[in-house]
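Welcome to this short tour. Open your viewer, keep the selection tool at hand, and follow along stop by stop.

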Amino acid sequence: LAQERLAEYSQEQLDTIVRAVADAFVKEAVSLAEEAVQETGFGNIRDKTAKNRFAAEKVLSAVKDMKAVGLLSKDPEKKLWEIGVPMGVIAAIVPSTNPTSTVCYKAIIALKAGCCIVFSPHPKAHSCTRRAAELIAKAAEAAGAPKGAVSCLSYPMLSGCQELMSAPEVSLILATGGPGMVKAAYSSGKPALGVGAGNTPAIIDESADVKVAVNSILHSKTFDNGMICASEQSTIVLDSIYDAVKAEFAKRGAYFLEGEELDKVRKTIIINGALNAKIVGQKAHTIAKLAGVDVPETAKVLIGEVESVDISEEFAHEKLSPVLAMYRAKDIDDAFDKAEHLIADGGYGHTSSIYLNAVTRKDLID
């Protein structure tokens with residue numbers, strides 16, 4: 001019933017609801033971040049607050065002028081009209097790593113298009129996810145949305161999530177989570193958009209500004225203790241600048257593991273073939289302590305210099321923490337080969353990056 005009513009709303013009505021949702025979420029950005037960190041033990045309050053604000057303010061800014069429903073365009077010559085129609089109820093799978101910001105941005109894009117949305121929280125983050133969903137539902141209804149336009153499963157169970165995805169009322173699945181959950185979404189028989197695990201390699205070419213590259217990687221790798229799936233998991237450095245890059249990392253607070261330290265952390269990353277949940281979203285010092293390695297409390301990132309890009313190498317996995325693999329490449333072709341292998345380890349279709357001088361390395365861009 002809520003979807004039938006919402007589908008009749010004009011774009012102006014939907015935009016009013018979306019703005020109210022974003023405004024309400026921003027006001028609770030800090031408290032939701034605090035609750036997420038307290039409940040999951042992942043990340044930190046400062047960066048989760050930033051993610052909450054981004055999900056409300058920046059996403060709203062990106063879509064506010066878009067037209068999603070009604071007459072979108074007219075082409076008299078081709079006699080073609082484009083008309084936007086709500087797709088229907090959306091099932092939204094929410095991860096424990098970003099349990100509140102994910103709720104906000106999915107709600108905004110769903111409501112913008114006149115679609116009701118039902119959230120399925122992760123068991124490890126069900127309380128903060130439900131509060132975020134309830135906050136949004138209240139704001140949406142106060143702005144004119146029908147009751148039930150935004151809702152959340154009461155019990156975070158796998159069976160409930162699976163039932164939601166297969167429910168005949170659901171028209172689309174937005175799945176953010178581990179590879180198993182994303183695969184389940186794609187296998188549900190429903191249209192699905194999924195974002196799962198990544199294994200992002202970052203190449204540093206010999207033409208790159210070393211300080212900029214290192215600073216950028218460290219900032220990305222430490223944001224919310226490295227839990228963004230698009231954050232760097234490995235850096236591949238050209239041989240000619242390898243020593244300079246290593247020195248810059250060390251200068252900026254990265255800790256290079258040596259000898260037994262490397263093996264101890266290696267055995268802590270993967271347990272029984274899977275990522276050790278105890279290291280996810282933790283500080284570098286905490287992870288080192290868990291591995292029995294003594295590092296300064298100020299250490300920003302733990303770096304393991306390794307050679308193998310095979311999945312049998314623990315450092316070649318996605319680590320969701322401030323732990324970074326560092327590879328030496330003899331030339332750019334070797335770097336590309338290593339990067340491609342690492343992406344394949346984590347699953348094609350995700351993220352990779354390269355730092356270079358676009359002027360002097362125009363050959364690579366072309």
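Axes here are lines fitted to C-alpha atoms, for helices over the stretch in contact, and angles between their N-to-C directions run from 0 to 180 degrees. Please keep in mind that this is a predicted model.

**Stop 1: α4 and α5**

Select residues 45-63, which make up helix α4, and residues 101-112, which make up helix α5. Their axes come within 8 Å and cross at roughly 20 degrees. Angles under 35 degrees count as roughly parallel, and α4 and α5 are therefore roughly parallel to each other. The crossing of this pair, α4 with α5, is right-handed. Now show side chains: K51, N52, A55, A56, V59 and V63 of α4 make the contact with S101, C104, Y105, I108, I109 and K112 of α5. Colour them by class and you will find eight nonpolar, two polar and two charged residues in the contact of α4 with α5.

**Stop 2: α2 and α6**

Next, select residues 11-27 for helix α2 and residues 126-142 for helix α6. How far apart are the axes of α2 and α6? They are 8 Å apart, and the helices pack at an angle of about 135 degrees. That makes α2 and α6 oblique to each other, and their crossing is right-handed. On the α2 side, pick out I17, A20, V21, A24 and F25; they meet A132, L135, I136, A139 and A140 in α6. By class, the contact of α2 with α6 has ten nonpolar residues, with no polar and no charged ones.

**Stop 3**

For a closer look, select β3 (residues 89-93) and β4 (residues 117-120), which run parallel and are joined by four bridges. I93 has S120 in β4 as its bridge partner.

**Stop 3: the six-stranded sheet**

Move on to another open sheet, where six strands with parallel pairing follow the order β10-β13-β14-β9-β8-β15. Which strands stand at the edges? They are β10 (254-256) and β15 (353-355), each with a single partner strand. Neighbouring strands of this sheet are turned by 25 degrees against each other on average, direction ignored. Select β9 (residues 234-238) and β14 (residues 323-329) to see a parallel pair joined by five bridges. S234 finds its bridge partner in A325 of β14.

**Stop 4: two asparagines**

Most residues other than glycine have a negative phi. N225 has a positive phi, near 55 degrees, and sits in the loop between α9 (210-222) and β9. Is N225 buried or exposed? N225 is buried, with a relative accessible area of 11%.

Finish at N272, where phi is also positive and near 55 degrees. This residue, N272, lies in the loop between β11 (270-271) and β12 (274-275). N272 is exposed, with a relative accessible area of 81%.

Note on methods: Residues numbered from 1 in each chain as written. Predicted model: local features only at pLDDT ≥ 70, side-chain atom pairs only at ≥ 80, totals over all residues. Heavy atoms only, no water. Parallel < 35°, antiparallel > 145°, perpendicular 65-115°, else oblique. Left-handed = near helix turned anticlockwise from the far one by under 90°. Contact = heavy atoms within 4.5 Å. Nonpolar A, V, L, I, M, F, W, Y, C, P; charged D, E, K, R; others polar. Pairing = 2+ DSSP bridges. Buried < 20%, exposed > 50% of the residue type's maximum accessible area, 1.4 Å probe, protein only.
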